[in-house]
Amino acid sequence: KAIESEPRWAVIWVLRANAKLKLGQIDDALIDCEEAISLEPRLATAWSTSGRAKKAKGDLRGALADFDEALQLDPKTSDMWVN
């Protein structure tokens with residue numbers, strides 16, 4: 001419902017992508033990440049979540065590229081260092 005009321009808020013898309021990842025809905029999580037990135041390209045958590053989804057899907061090159069982008073945007077975000 002949050003997306004319905006605030007569809008232009010990228011963080012909501014990232015939160016839903018994280019939930020979908022936990023449920024194993026990797027393709028749907030990637031779609032949400034793409035939406036978040038299109039809304040706010042400098043949102044490091046959108047890139048790191050996309051990287052986690054790509055890693056789960058087996059796209060290691062894509063995951064590495066997304067983690068790299070996230071680190072460029074926010075080097076202090078620990079999520080990228082763990083993955």
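Helices (H or I, at least four residues) and strands (E, at least two) are DSSP runs, numbered from the N terminus. This is a predicted model, in which local features need pLDDT of at least 70 and side-chain atom pairs count only at pLDDT 80 or more, while totals for chains, interfaces and linings use all residues. Residues are numbered from 1 along each chain as its sequence is written, and side-chain values use heavy atoms, with hydrogens and water left out.

**Figure 1. Overall organisation of the protein chain.** The elements run α-α-α-α-α-α from the N terminus on, giving six helices and zero strands. The chain exposes about 5300 Å², of which carbon and sulfur atoms supply 54%; accessible areas come from the Shrake-Rupley method with a 1.4 Å probe. Among contacts (heavy atoms within 4.5 Å) with a separation of 6 or more, 43% are between residues 24 or more positions apart.

**Figure 2. Crossing of helices α4 and α5.** Two packed helices are described by the angle between their axes and the distance between the axes. Here, the axes of α4 (residues 44–57) and α5 (residues 60–73) come within 8 Å and cross at roughly 165°. Axes are lines fitted to C-alpha atoms, for helices over the stretch in contact, and angles run from 0 to 180 degrees between N-to-C directions. The two helices are therefore roughly antiparallel to each other; angles over 145 degrees count as such, under 35 as roughly parallel, 65 to 115 as roughly perpendicular and the rest as oblique. The crossing of α4 past α5 is left-handed, meaning that the near helix is turned anticlockwise from the far one by less than a right angle.

**Figure 3. Residues at the contact of α4 with α5.** From α4, Ala-44, Trp-47, Ser-48, Ser-50, Gly-51, Arg-52, Lys-54 and Lys-55 meet Leu-60, Gly-62, Ala-63, Asp-66, Phe-67, Glu-69, Ala-70 and Leu-73 of α5. By class, this contact has seven nonpolar, four polar and five charged residues.

Figure 4. Arg-61 lies in helix α5 and is exposed, with a relative accessible area of 77%. Its C-alpha atom is separated by 9.3 Å from that of Gly-51, 10 residues apart along the chain.

Figure 5. Arg-16 belongs to helix α2 (residues 10–22) and is partly exposed, at 34% relative accessibility. Between the C-alpha atoms of Arg-16 and Asp-28, 12 residues apart along the chain, the separation is 9.4 Å.

Key. Ala, Val, Leu, Ile, Met, Phe, Trp, Tyr, Cys and Pro count as nonpolar, Asp, Glu, Lys and Arg as charged, and the others, Gly among them, as polar. Buried means under 20% relative accessible area, exposed over 50%, partly exposed in between (1.4 Å probe, protein chains only).
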